[in-house]
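Hello,

Here is the structure I promised to pass on. Please open it first, then read my notes below.

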Amino acid sequence: MVWAPDAPTRAGGPATLSQLQTLRLLDTGPRGLTEAQAEARLLERGENTIPAQRPVSWPRRLARSLRDPFTMTLLALGLVSAAITSWGTAGVIVLLVAASCLLRSNGEFRADRSTAALRRLVATTATVRRRSRDGGEPREREIPVDQLVPGDVIKLGPGDLVPADVRLLRAAGLTVHQAALTGESAPVPKRARDLPEGDDHLCWQGSSVASGSALAVVTATGGGTRFAGAHHAPARGRSAFDQSVNGISWILVRLMLVIPPVALVAGAVLRGKGLEALPFAVAVAVGLTPEMLPVVVTTALARGAALLAHRGVIVKRLPALHDVGAIDVLCMDKTGTLTRDRPVLSASVGPGGAPDPEVLRWAAVNSFWTLHLTDPPIPDPLDEAILECAPDLGGTEGLEATPFDPAQRLSRAVVRDGGANVVVVKGAVEAVLGRCAMSPGDRLRAGEVARALAEAGARVLAVAVADQYADQHADQYAEHSAGHSPGDPVAEGGLRLTGFLTLVDEPSPDAAAALALLARRGIALKVLTGDHPATAARTCRELGLDVGAVIEAADLTPAAAERATVIARCTPDDKARVVRVLREAGHTVGFLGDGVNDSPAMRAADVGICPRAAVDVTRETADVVLAGKDLSAIDHAIVAGRRSTGNIVTYLRIALSSNLGNVIAMLAAGLALPFLPMLPVQVLLQNVCFDVAQLAFAFDRAAPAVLRGPFGLRPRGILGFIAGFGALNAGVDLATFTVLTQVVGVVDERSFHTGWFIENLLTQAVIMLLLRPVAPVSPPLWLAAGSLAAIALLLPLSPLAAPVGLTALPVTSCLWLALVAVLYGGVLAVLNRRRQL
């Protein structure tokens, strides 16, 4: 039968056909496709990607940048200027809008392109079974999911994203999260039925494996999947950073809308000026606008993300970089984060607590046959640790096995040992003891032994067997591998406890130093784990972490969450609940994890962080992906986030306080002078110079104070700073007004405009250098400030002076203006240093 491109979607497709019929329809087999077949189908069907996920085009990107509140207000002011035939003002406003939109669009394009390239480094992969040629042996290898084609045979394991629509060929203990498609919140069991009953033999793209393993054949990819046809992911909500920026933006927009009417009314009442003052009022409103805010924000965050990329840290969402810098509570899982991925066996004891190697032998029998008969894509680390220390297993023969079931909290194997069939069970102490045939007193004593082992900080597994298991029951196991059969000793409590194994997690060698560094950064650390409280506490103490309070998830309250360092016995939902409680208390919370059980908490956190080796579903959920499990990489991300946010805050403080001071001074001078204190074209030219120079803040150095503790965008603090230093800046401008009119004796309009233009640019240069966190000034900032000073002094002497209404001033006038700028700089230096002490 020849495969046809539309075969998977025909009536009577994989949903209703047997396994053999499905394989024939797809022209494939359990051994998979050949490389040539896969390549041909890829060319015909296209990549396994959702068609809707395309890069944003340049026109759409430009149109999106126009939605910024500042940009919309500027356009409105430009229309007003054009309506009153103030073409110069309208032209400069159009130039400002065009420059802002182009710079912002280009910055977003470069950031998106870098992010896309970085995300390809961690692109989701699938384990596919293919052959080099017809008749060749199949070989399993990892390929990007976009290279999958219908007919591919793939393997699935815990934490894997289902990469396409598939039909199960074999499954062991498989459960799947498919809430995004069907709304079912709990994992859904799946079975590899040969003759379909319902849809439990199908898995769809967009779901994820919660437990178990499977072998499946791909039935649909790309636009042909159920996910592509029915699922529309909700837009991500605005981050705290976006909300803060927009809050500040709309406050300033309201001021801009109020200033022109106020200026016009005041001019008409006090000076008899009418609509002839409208261009000046519009120019003053434009002067209050930080037009480069979107550009500076995008540039600062993109630069921080690019620097992190050189260290192998990938920021998938630019605003997340600000949120990383603002983290004051970092929650993390223990296993694989603070400890090595593989536990170490520490003891094998009998029910009474005495050493007993026989317990280890039966546990190893369970582990060996569970791994070999179920063939999971990802072996259980506990099984591997047990087998590393296992003695000779004897002549056991595996008959049937069921991998660890999270609901029952145990695994089991049926083996033939010395002519008898034996059931061997291994799992959580409570789950195994509850299935053992023993007296209440023996059960109590065994529980006390297990409790003492756990309180010593070890992970405890119970091991039990059912001897002389009849042959017919073994057949029932083979027929009912997904559930319990009649006469099942596991279900009927017919097991005999052999003893306990203890395992300990070996701490990660670099974790202690990284945790100490994070604590010095002012970040509170919380360990959320499913382990016993004593086990988690023991690991934390070994790493030098101040354990403080240790609670269990069942006892969680807001006060306890604040107080505790270790929260034990957490389910995935408990971890998410802890994160939500901390966020509701006002904290900025990050969550570091690498397992599928960490995904709910990562989605609930302000920032989700995972290593590159994390399972697929967790990696897709994360905002920040680390190169490895080195916790020091988190510190690099935090430093980059605080530095980027610090530069943005510095820009906002300086740009807005300077603009506000200039606006207040110009309005006051406009009421006192018989002429406009500055022509509209001069106001706008001055604003263009400010905007271009202030782009240097995106490349500034960060002050040590910014890096010491959590640092975020706090609108209330910024607005308070703007009000205080804006008033100071207005006072300096009015002092300049006094010097020009009373000391220098400037009386003509052109000379006054020139003097105030020079003074505004000089004081802006001084502000850029001194009204910032105390830190070494970066070369780009020196260059920007020097350029402003050069323009202030040289523009009135150039041929461009006359067209913009400027003229050359006497040297004495320039010296007086320079003296005002120097005195202002001294006052700023003193006040700024006192503010930061």
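Strands β18 and β19 run parallel and are joined by four bridges. β19 covers residues 564-568. One of the pairings to look up is alanine 549, whose bridge partner in β19 is alanine 564. Keep in mind that this is a predicted model.

As background, strands of a sheet pair through backbone hydrogen bonds, either parallel or antiparallel.

Now the protein overall. It has 837 residues, and 55% of them are buried. Its secondary structure comes to 29 helices and 22 strands. Take the contacts with a separation of 6 or more: 74% of them link residues 24 or more positions apart. The accessible surface comes to about 34500 Å². Carbon and sulfur atoms account for 59% of that surface.

Next, aspartate 606. You will find this residue in the loop between α21 (599-604) and β21 (607-611). Is aspartate 606 buried or exposed? Its relative accessibility is 15%, and the cut-off for buried is under 20%, so aspartate 606 counts as buried.

Leaving aside neighbours within four places in sequence, aspartate 606 is in contact with Arg317, Asp323, Arg583, His587, Thr588, Val589 and Asp623.

Last, the surface. Val743, Trp816, Leu819 and Leu823 form a nonpolar patch there. Together they have about 380 Å² of accessible area. Which helix gives the largest share of the patch? Helix α29 (residues 811-836) does, with three residues.

Leucine 823 is found in that helix, α29. Why does leucine 823 count as exposed? Its relative accessibility is 55%, and exposed means over 50%, so leucine 823 passes the cut-off.

Best wishes

Key:
Residues numbered from 1 in each chain as written. Predicted model: local features only at pLDDT ≥ 70, side-chain atom pairs only at ≥ 80, totals over all residues. Heavy atoms only, no water. Helix = DSSP H or I, 4+ residues; strand = E, 2+ residues; numbered from the N terminus. Buried < 20%, exposed > 50% of the residue type's maximum accessible area, 1.4 Å probe, protein only. Contact = heavy atoms within 4.5 Å. Areas by Shrake-Rupley, 256 points an atom, 1.4 Å probe, with all protein chains shown as cover. Pairing = 2+ DSSP bridges. Patch = residues over 30% accessible without salt bridge, like charges linked within 9 Å, V, L, I, M, F, W, Y side chains within 5 Å. Salt bridge = Lys/Arg side-chain N within 4 Å of Asp/Glu carboxyl O.
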